[in-house]
Amino acid sequence: RWLGAVGGDFGVLAVNKNSKYRNLKGLVKDLKRNPKSVKFAGGSASGGWDHLKVLLLAQKGGIDLKSISYTAFDGGAGALLELIGKRVEVFTGDTSEVLAQLDAGNIRVLAVFAPKRIARLGNAKTAREQGYDVIGANWRAFYAPPGISDEAHEYWVDAIKQVAQSSQWAALREKNGLAPFESFGDDFEKFVRE
């Protein structure tokens with residue numbers, strides 16, 4: 001059973017600091033010309049969320065989805081290493097995954113899949129600002145195992161709600177690039193199911 005959501009982690013496309021790509025227009029232009037020429041890497045399986053973000057962009061750009069070159073890694077760290085090592089052109093992941101490498105100056109965020117810019121990403125533009133209406137976030141949420149008692153469920157819903165509504169969590173959420181997104185208990189369960 002779902003307990004509650006405490007933030008949204010919006011998707012990003014990032015490139016090596018020395019990449020020729022400066023915006024989505026250049027990337028989509030190359031994808032249209034030769035989709036296999038651009039290698040993407042992400043921390044989810046083929047068909048998983050990191051892959052789907054690229055496919056949503058490709059769809060908006062009029063690119064054959066089957067032609068996208070995506071390599072799946074077991075988590076974003078391996079995919080980011082491939083980007084830094086210049087073995088792939090584009091990393092697809094979430095805001096929180098790229099912050100350390102962005103702060104170190106090793107990568108640039110080409111686009112964020114959010115309705116508005118994320119302050120923690122500096123001047124990174126949204127995909128929408130660049131002409132591609134793609135928005136997507138991972139929820140950062142908690143759930144309990146099946147069979148949890150109603151009493152225990154309510155205890156954890158209340159505890160997570162208290163944390164999520166604290167000033168300490170707000171500061172930590174912002175530091176880690178998470179957007180506000182809160183929903184708890186039955187309301188969140190309904191949201192997930194719909």
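Select H51 and G47: the H51 side chain reaches the backbone nitrogen of G47 at 2.8 Å. That is a polar contact, meaning a pair of N or O atoms within 3.5 Å; within protein, one must be able to donate a hydrogen and the other to accept it, and residues adjacent in sequence count only if both atoms are side-chain atoms. This is a predicted model, in which local features need pLDDT of at least 70 and side-chain atom pairs count only at pLDDT 80 or more, while totals for chains, interfaces and linings use all residues. Residues are numbered from 1 along each chain as its sequence is written, and side-chain values use heavy atoms, with hydrogens and water left out.

Stay on H51. It sits in helix 2, residues 49-60; helices (H or I, at least four residues) and strands (E, at least two) are DSSP runs, numbered from the N terminus. Is H51 buried or exposed? H51 counts as buried because its relative accessibility is 13%, and buried means under 20% relative accessible area, exposed over 50%, partly exposed in between (1.4 Å probe, protein chains only). Leaving aside residues up to four places away in sequence, H51 touches S44, A45, S46 and Y70, where contact means heavy atoms within 4.5 Å.

Next, select helix 4, residues 95-103, and colour its buried residues: T95, V98, L99 and L102. Looking down the axis of helix 4, these fall within an arc of 130°, so they line one face of the helix; the arc is that of the directions from the helix axis to the C-beta atoms. Their cover includes strand 1 (2-16), helix 3 (76-84), strand 4 (90-94), strand 5 (107-112) and helix 6 (167-175). After helix 4 comes G105, with a positive phi near 80°.

Now show the aromatic side chains. The structure holds 9 aromatic pairs: rings of Phe, Tyr and Trp (its six-membered ring) pair if their centres lie within 6.5 Å, and planes under 30 degrees apart count as stacked, over 60 as edge-to-face and the rest as tilted. One of the pairs is W2 with Y143, edge-to-face, at 5.1 Å centre to centre and 65° between the planes. W2 is in strand 1 and Y143 in strand 6 (residues 137-143), 141 residues apart. W2 is buried at 19% relative accessible area, whereas Y143 is exposed at 60%.

Finally, zoom out. The chain has 7 helices and 7 strands, and buried residues make up 46% of its 194 residues.
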